Structure formats: C-alpha cells, structure tokens
Amino acid sequence: MSAQQLSLADALRRADEQNPSLHAQDSTRRAAEALIEQAGVRPNPTLDVTAENFAGTGALRGVDSIETTVQASQTFERGGKRAKRLSVARREREVADHEFTVRRAEVLASTVAAYIDVLAAQERLALSTASLDLARETTDAVAARVKAAVASTAESARARAALATARADHARAESTLTQARAALATIWGGTATDVTTLAGTLRMPDELPAAETLLAKLTTHPRFALQQATISSHRASLQLAQSKNAQDITVGGGVRFLRENSDAGLVAGVSIPLPFRSQNQGNIRAARETLAGAEQATRVIDAALRASFSAAWQDLQISRSIARDLRTDALPATEEALALVRHAYAQGELPLLGVLEAQRAHTVLRREILDAETASASALVRVEALTDPAFPLTTALLSSR
C-alpha cells in the first residue's frame with residue numbers, strides 16, 4: 001500500500017477520535033455523571049433569625065422589648081427520595097452512555113459509506129480518463145486519415161465533438177471526486193486535501209453469509225440497549241414520583257432571647273405538609289404513561305430495524321446480481337465488438353460513426369457495472385451497520401484484490 005493511501009481502518013480511526021458530534025455527545029455523558037453527584041446531596045439546613053416586639057407603640061416602642069429567636073432547622077426526606085434520585089441519575093447516565101454508542105455507530109457507518117463514495121468517484125474518474133485518452137487517440141488517428149485523404153472532414157468533426165464530450169465528462173468526474181473527498185473528511189472535521197488516494201476495490205465477493213445468519217445479529221443493535229436503558233430510566237422516574245407521596249419532615253430548634261430581663265428559652269418545632277390537595281398523582285400518572293410508551297417503543301424499533309435490513313439485503317442481492325451478470329456476460333461481448341469495429345474501421349470497412357458508437361456503448365456499460373458494484377457495496381454497508389458495527393464483510397471486500 002502506498003504511504004499516501006488512506007485505508008478504511010485509518011478513516012474509521014480518525015472519525016472515532018475526531019468527530020465533533022462524538023465530542024459533544026461525550027460532554028453529555030460527563031454532564032450526566034455530574035448529576036449523579038448532585039442527586040446524592042441531602043437538603044441544606046436552614047438558619048432563621050427572627051426579631052419581634054420592636055418599633056411598635058406604647059410599651060413596645062423602641063427596642064427595649066425586642067425578642068430575638070435564633071433557630072436552625074433541617075428537612076428529613078422520607079420515602080427513600082435520595083436513593084431514588086440517585087437511581088434516576090444513574091439510569092440517565094446509562095442512557096447517555098448508550099446514546100453515545102448509538103451515535104458512534106452512526107458516525108462509523110457514515111464514514112464507511114463516504115469511503116465507498118470516494119472509491120466509486122475514483123473509479124469513475126479512472127473510467128473518464130480512459131475515455132478521454134481514447135477520444136484523443138481517435139481524434140489524432142482521424143486527423144491523420146484526413147491528412148492522407150482517406151477520411152472526410154466530417155469524420156474529423158465527429159471525433160472532435162466526441163473529444164469535447166469526453167473532456168466535459170472528465171471535468172465532472174474530477175469535481176465529483178473532490179466533493180466526495182470533502183464529504184469524507186468532514187466527518188472528522190477535515191478538508192478534501194486530507195483525503196488522497198483510497199485503498200480498496202468495489203468488486204463484490206462470490207459468497208456472502210446467509211441472510212438468516214446476519215439477521216440473527218440484529219438483536220445486538222445498540223438501539224435495543226439504548227431503549228432498555230431508557231425504560232430503566234423511566235421506571236426509576238416513576239418510583240421517584242411515587243416516593244414524593246411521602247411528606248418530608250422539617251425539625252427545628254433554637255433559642256429565644258427576651259430583652260427586658262435578659263432571659264432566654266429554648267424553642268423547638270416540627271412541620272409536615274398535609275397532603276389534602278396534592279399527592280403528586282399527576283406526575284405519577286405521567287411517569288407511568290411515559291414508561292408504558294417506552295416499553296411499547298421496543299417493538300417499533302424491532303420492526304423498523306427488520307424492515308431496514310430487509311430493504312438493504314434485497315438491494316444488495318439485486319445490485320450484486322446485476323454487477324455479476326454485466327461483468328461476466330455483457331462486458332466481454334462489448335469488448336469483443338469494440339475490437340472488431342476498430343479493426344473494420346482501420347481496414348476502411350466501417351465509418352467512424354460505428355467506432356464512436358461502439359466506444360460509447362463500452363463506456364456506458366463499464367459505468368453501469370461500476371454503478372451496480374457501488375450500489376452493492378453501499379447496501380453491504382447498510383446491512384453491516386444493522387448487524388455488525390465492526391464492518392468485517394466490508395473491510396474484507398475493500399481489502400480484496
């Protein structure tokens with residue numbers, strides 16, 4: 001492999017280490033970790049200082065009769081609220097962890113798909129370069145024949161028109177490759193210049209695992225783990241809401257100072273809310289319904305992933321079959337026909353138009369093969385994004401020769 005080539009493993013490593021959205025998601029994980037610390041904190045005590053019987057009228061004029069009370073109070077949580085807050089915070093941290101895993105899988109899948117696009121753009125540029133070279137050779141050959149008075153100027157005009165078309169197609173292919181490189185590099189925050197020649201080929205292997213084998217791996221998709229973590233989080237939130245039915249008790253005690261005779265006395269008190277109007281029933285019902293919805297969503301996720309797998313697998317089989325048939329049957333026949341037409345033209349048995357038509361048919365067929373092979377590789381990426389985020393089949397495909 002050339003030192004300038006970027007392998008799929010290199011691209012995946014860069015995306016994993018430098019993708020901005022993964023860095024943002026990692027901050028969310030750290031924020032969830034900080035909330036666990038906060039959830040375990042007990043309520044702060046309070047200090048009350050109360051002054052009474054001053055600045056009034058009569059005997060209470062001035063501050064001679066002032067009474068001062070200094071009291072500290074502490075709220076004691078009942079119903080296991082602190083433990084349940086901690087449970088909610090820990091479950092939320094687990095949700096954040098699984099969200100990171102899901103996002104990472106999406107980023108890696110996007111990286112592989114973008115890598116495939118660059119490889120396809122490279123091959124399209126190679127095809128257009130070959131067509132441009134052939135158009136130049138044909139134009140030169142026709143010019144020589146015209147000079148030798150064995151071909152008409154009309155043939156020269158046709159050859160120059162074909163050359164202009166080949167140049168335009170080559171320019172479009174170069175632009176497409178630059179855009180594909182930029183799209184790949186953007187995943188890790190880079191630019192098109194970060195991506196030079198990629199290593200790999202889009203030729204599909206002769207054999208693939210059975211659909212049932214791959215489908216069995218669908219249950220390991222990170223979205224299932226995320227949904228289970230979400231369900232656990234909602235269940236913990238329901239338990240916390242239920243715990244708020246238990247009213248907290250606030251206990252206080254202190255000293256009251258009597259200014260008139262400098263006497264002092266202790267004060268103490270206990271307070272507890274009376275849950276006549278609110279027993280947190282609305283929040284409990286909302287938490288219960290949210291939990292039920294999350295449990296039902298598991299079935300929706302399963303159905304969606306299976307539908308996505310079925311569509312990707314069907315696309316893979318169809319495009320792979322088309323590519324194989326075109327490369328095995330149509331391409332040899334087209335190449336043979338092109339060689340015969342060129343020979344006949346060289347012998348003066350066919351006009352240039354026949355050669356140009358044969359060349360165009362050959363170019364179109366090679367592009368159709370490339371399109372089918374690109375579609376096959378892209379479909380394989382979609383299948384593995386659902387079944388194996390390590391992309392072993394795609395890696396083997398790109399490393400094959």
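Helices (H or I, at least four residues) and strands (E, at least two) are DSSP runs, numbered from the N terminus. Welcome to a predicted model, in which local features need pLDDT of at least 70 and side-chain atom pairs count only at pLDDT 80 or more, while totals for chains, interfaces and linings use all residues. Residues are numbered from 1 along each chain as its sequence is written, and side-chain values use heavy atoms, with hydrogens and water left out.

**A pair of helices**

- Two packed helices are described by the angle between their axes and the distance between the axes.
- Helix α3 (residues 81-147) and helix α4 (residues 153-186) have axes that come within 8 Å and cross at roughly 165 degrees; axes are lines fitted to C-alpha atoms, for helices over the stretch in contact, and angles run from 0 to 180 degrees between N-to-C directions.
- That makes α3 roughly antiparallel to α4 (the word applies to angles over 145 degrees).
- In the contact of α3 with α4, there are 17 nonpolar, 10 polar and 9 charged residues. Here Ala, Val, Leu, Ile, Met, Phe, Trp, Tyr, Cys and Pro count as nonpolar, Asp, Glu, Lys and Arg as charged, and the others, Gly among them, as polar.

**The nonpolar cores**

- A nonpolar core is a set of buried Ala, Val, Leu, Ile, Met, Phe, Trp, Tyr and Cys residues joined through side-chain atoms within 4.5 Å; buried means under 20% relative accessible area, exposed over 50%, and partly exposed in between (1.4 Å probe, protein chains only).
- The largest nonpolar core has 53 residues, and Y115, L184, V195, L198, L202 and L398 touch the most other members.
- Helix α3 gives the most to this core, with 14 residues.
- Setting aside residues up to four places away in sequence, L202 touches I116, L119 and A120, among others (contact means heavy atoms within 4.5 Å).
- A second, separate core of 9 residues includes A159, Y345, L352 and V355.

- G80 counts as partly exposed, at 34% relative accessibility.
- Between the C-alpha atoms of G80 and Y345 there are 93 Å, and the two residues are 265 apart along the chain.
- V49 lies in strand β1 (residues 46-52) and counts as exposed, at 60% relative accessibility.
- Beyond its neighbours within four places in sequence, V49 is in contact with T68, T69 and V70.

Methods:
Angles under 35 degrees count as roughly parallel, over 145 as roughly antiparallel, 65 to 115 as roughly perpendicular and the rest as oblique.
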